[in-house]
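Subject: Structure handover

Hello,

Here is the structure I promised to pass on. Please open it alongside this note, and read on for what was found.

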Amino acid sequence: VQLQAFGGGLVQPGRSLRLSCAASGSIFSIHDMGWYRQAPGKQRELVANISRSGVTNNADSVKGRFTISRDDSKKTAFLQMNSLEPEDTAVYYCNAGIWPIGYRTYMSYWGQGTQVTVSS
């Protein structure tokens, strides 16, 4: 089972980016999916997560600007980031609770980070 994150890059303040997180492998079920970020010298923090039923939770710092969604047919989560600010600069990581085929429970998986840099 793997999680792969895509979509980071360099963007000017006020612009948008869309991150994708795709799960692959022998998967029976995917529970919550989420995005975290870690800026230099800071701890990793939750940005947003989404449950299997579609209930979302956003950090206060991104409310009204970021939207998390998921497409279970593609085993993919998305993070639409609008009105980006320099303070959003960080490495973004995706996380998911995945029940691999042949296992008895959900396990937590992390994707590789993708760099988001907001700068003029």
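Is Gln-4 buried, partly exposed or exposed? With a relative accessible area of 37%, Gln-4 is partly exposed. The cut-offs put buried under 20% and exposed over 50%, so a value in between counts as partly exposed. One caution before the rest: this is a predicted model.

**Around Gln-4**

Gln-4 belongs to strand β1. Leaving out residues up to four places away in sequence, Gln-4 touches Ser-20, Cys-21, Ala-22 and Gln-112. Asn-95 is 91 residues away along the chain, yet the C-alpha atoms of Gln-4 and Asn-95 are separated by 9.7 Å.

**The four-stranded sheet**

β1 is part of an open sheet of 4 strands. The order is β1-β3-β8-β7, and the pairing is antiparallel. Two strands stand at the edges: β1 (2–6) and β7 (66–71). Each has a single partner strand, so one side of each is left without a neighbour in the sheet. On average, neighbouring strands of this sheet are turned by 15° against each other, direction ignored. As background, strands of a sheet pair through backbone hydrogen bonds.

Now look at β8, residues 76–81. Two strands pair with it, as follows.

- β7 runs antiparallel to β8 and is joined to it by 6 bridges. Here Ile-68 stands opposite Leu-79.
- β3 (residues 17–24) also pairs with β8 in the antiparallel sense, over 6 bridges. Here Leu-19 stands opposite Leu-79.

β8 is mostly covered, with 5 of its 6 residues buried. β7 and β8 also make a hairpin, with 4 residues between them. In that turn, Lys-75 has a positive phi of about 50°.

**The pairings of β4**

β4 pairs with β9 in the antiparallel sense, over 9 bridges. Within that pairing, Gly-34 stands opposite Asn-95. Asn-95 is the residue mentioned above with Gln-4.

β4 also pairs with β5, again antiparallel, over 5 bridges. Arg-37 stands opposite Glu-45 of β5. The hairpin of β4 and β5 has 6 residues between the strands. Gly-41 takes a positive phi near 80° there.

**The nonpolar core**

Which residues touch the most other members of the largest nonpolar core? They are Trp-35, Leu-79, Met-81 and Tyr-92, in a core of 30 residues. Several strands each supply at least two residues: β1, β3, β4 (27–38), β5 (45–50), β7, β8, β9 (90–100) and β11 (114–118). The largest share comes from β9, with 5 residues. In general, nonpolar side chains of soluble globular proteins tend to be buried together.

Setting aside neighbours within four places in sequence, its contacts include Leu-17, Leu-19, Phe-66, Tyr-92 and Val-116. Arg-15, Ser-16 and Arg-65 are also in contact with Met-81.

**Aromatic rings**

How many aromatic pairs does a search of the whole structure find? It finds 3. One of them is Phe-28 with Trp-99. Their ring centres are 5.3 Å apart and their planes stand at 65°, so the pair is edge-to-face.

- Phe-28: 58%, so exposed.
- Trp-99: 23%, so partly exposed.
- Tyr-106: 27%, so partly exposed.

**Charges over rings**

Two arginines are worth a look. Arg-18 lies over the face of Phe-78, at 4.1 Å from the ring centre. The charged end of Arg-44 sits over the ring of Trp-110, 4.8 Å from its centre.

That is the handover. Over to you.

Best wishes

Key:
Residues are numbered from 1 along each chain as its sequence is written. This is a predicted model: local features need pLDDT of at least 70, side-chain atom pairs count only at pLDDT 80 or more; totals for chains, interfaces and linings use all residues. Side-chain values use heavy atoms; hydrogens and water are left out. Two strands pair if DSSP finds at least two bridges between them. Axes are lines fitted to C-alpha atoms, for helices over the stretch in contact, and angles run from 0 to 180 degrees between N-to-C directions. Buried means under 20% relative accessible area, exposed over 50%, partly exposed in between (1.4 Å probe, protein chains only). Contact means heavy atoms within 4.5 Å. A nonpolar core is a set of buried Ala, Val, Leu, Ile, Met, Phe, Trp, Tyr and Cys residues joined through side-chain atoms within 4.5 Å. Rings of Phe, Tyr and Trp (its six-membered ring) pair if their centres lie within 6.5 Å; planes under 30 degrees apart count as stacked, over 60 as edge-to-face and the rest as tilted. A charge sits over a ring if NZ of Lys or CZ of Arg is within 6 Å of the ring centre and within 35 degrees of the ring normal.
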